[in-house]
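Have a look at the picture, then read on.

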Amino acid sequence: MPVFKRPLSFLNRNTQKASGFTPNPTSSVLQPPVSAPQQPKTLAQLEQEMAAEAQVLPTRPMRHSPNPIGRTFNKIKWTVILLGIPAGMVWFVNLPYPMIRRPVAEAAPILLLPSYISMDNHYRQAIASLEQAEQLINNPTSPADIDLGEQKVEQAQKSLNALPIGFLNDFPEYRYWWYDWRFSSSRFYDARTTVAQLEAVVFQEKNAQVALFDAEQSLNAAKQQYQHATTPVDKGVAIAAWQSALDQLATIPGQTLAGRMAQQKYVTGERDFATTVGVAAGNERTSAIIEAARGFAWEAAKAGQNPPHSVEQWQQVENLWLRAIQGLEQVPDDDLIGYAEAQRLLAEYNANLGQIRVRQENERISVAALQRAKDQIAWVNNYVDGDIGYIASELQSIINDLEKVEEGTTDYLEAQELLLLANNKLNQLQPQ
């Protein structure tokens, strides 16, 4: 078979040449035309052929490679969703509202664990801040301690305000597995009371510091005024201002830090005053008398602080003012500046003495009135006759005596309690 095929194909090729027919290259795939040797194609022809083949070839869709960033984002998104749903539920049940927390605390208290941890942290922070504030405010060494103590009080107040009192009163204990938490209501209310007391102490300390600052400014201004004074009148005005500043230092409460600092400055100021102004204010005897009188006045002012006092204590205060007044009365009138200063102090000390005597008399009257009322009360309690009218008249007499007890005396509070009982008993006896 291969022997006959070769000549046949040769004959067919010759026949096509003889007839002058050149077949189309696309008409038969099995019989390609035999062409004459061609010249090498140029670069432009090759580019045209490649462009034609590119138009014939079918366009294939491009396959996009998977995006690793997109897959990671989807994983993160679903992870956040799956974790956010239970986290959102826990956040919701821990909202600070009783209508939400109470049923959850009864049914599933474990869900309130974040609330208990938060309350425990606030409670511990409040106690720690309060202890630091007490140490700083009750035992200060400088104004900076007062300022820091005030900050600690504010922190304690903020932590206490963060505690839900209603919820803690309903569920004061929490125990679950490894976590055990207990709330102390008594200590909480004690902390509230302590915070209020410390705030009052800080307020007093701040006022005392302002008073100390003003007194120091006045004292420094008076010293400069005295140094620049050129006439006796100017010196007298400066001396009066200097002494007034010292008196301001003496009025600052001694239980405050500023008061203790003021006492030291007062002693130093008095020494400077005696050294600088002693000659100008008069002779040494006059200065000594005035300084001694100021000493008695200072002791009298300290003894009269924080009333009420008993009659005996008021008597001691009165005696100190009398000693100061008697000393000032010895200043001779020929020392013009010293005498003028003594008269100014006499007016002030006599006014203070008058107030002390009024308080002493009120205390004496109040003590006597309360004692009479107590005696009548004891008599009425032992009265067995049963005469309602007589008992009513005795009760009215008791009420009259109790009303004589003055406010600001040692027996005032007790008298008010007995007065309330007597009025109630009298109202019961009166016909309706």
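Before we start, "contact" here means heavy atoms within 4.5 Å. Keep in mind that this is a predicted model.

**α13 against α14**

- Helix α13 covers residues 336–382 and helix α14 covers residues 388–402; their axes come within 8 Å and cross at roughly 160°.
- Angles over 145 degrees count as roughly antiparallel, so α13 is roughly antiparallel to α14.
- As for handedness, α13 and α14 make a left-handed crossing.
- On the α13 side, the residues making the contact are Ala369, Leu370, Arg372, Ala373, Gln376, Ile377, Trp379 and Val380.
- On the α14 side, you'll find Tyr390, Ile391, Glu394, Ser397, Ile398, Asp401 and Leu402.
- Sorted by type, the residues of this α13–α14 contact come out as 10 nonpolar, 2 polar and 3 charged.

**α13 against α15**

- α13 also meets helix α15 (residues 412–429): here the axes come within 11 Å and cross at roughly 35°.
- The crossing of α13 with α15 is left-handed.
- Leu370, Lys374 and Ile377 of α13 make this contact, together with Glu414, Ala415 and Leu418 of α15.
- The α13–α15 contact has 4 nonpolar residues, no polar ones and 2 charged ones.

**Ala392 and its partners**

- Ala392 sits in helix α14.
- Which residues does Ala392 contact, leaving aside its neighbours within four places in sequence? They are Leu426 and Leu429.
- Along the sequence, Ala392 and Leu429 are 37 residues apart, yet in space they are 6.8 Å apart, C-alpha to C-alpha.

**The loop between α11 and α12**

- Asn306 is found in the loop between α11 and α12.
- Its phi is positive, about 55°, even though Asn306 is not a glycine.
- Is Asn306 buried or exposed? With a relative accessible area of 58%, Asn306 is over the 50% cut-off, so it counts as exposed.
- Pro308 is in this loop too, between α11 (284–303) and α12 (311–328).
- Take a look at the peptide bond from Pro307 to Pro308: it is cis, with omega near 10°.

How values were computed
Residues numbered from 1 in each chain as written. Predicted model: local features only at pLDDT ≥ 70, side-chain atom pairs only at ≥ 80, totals over all residues. Heavy atoms only, no water. Axes fitted to C-alpha atoms, helices over the stretch in contact; angles between N-to-C directions. Helix = DSSP H or I, 4+ residues; strand = E, 2+ residues; numbered from the N terminus. Parallel < 35°, antiparallel > 145°, perpendicular 65-115°, else oblique. Left-handed = near helix turned anticlockwise from the far one by under 90°. Nonpolar A, V, L, I, M, F, W, Y, C, P; charged D, E, K, R; others polar. Buried < 20%, exposed > 50% of the residue type's maximum accessible area, 1.4 Å probe, protein only.
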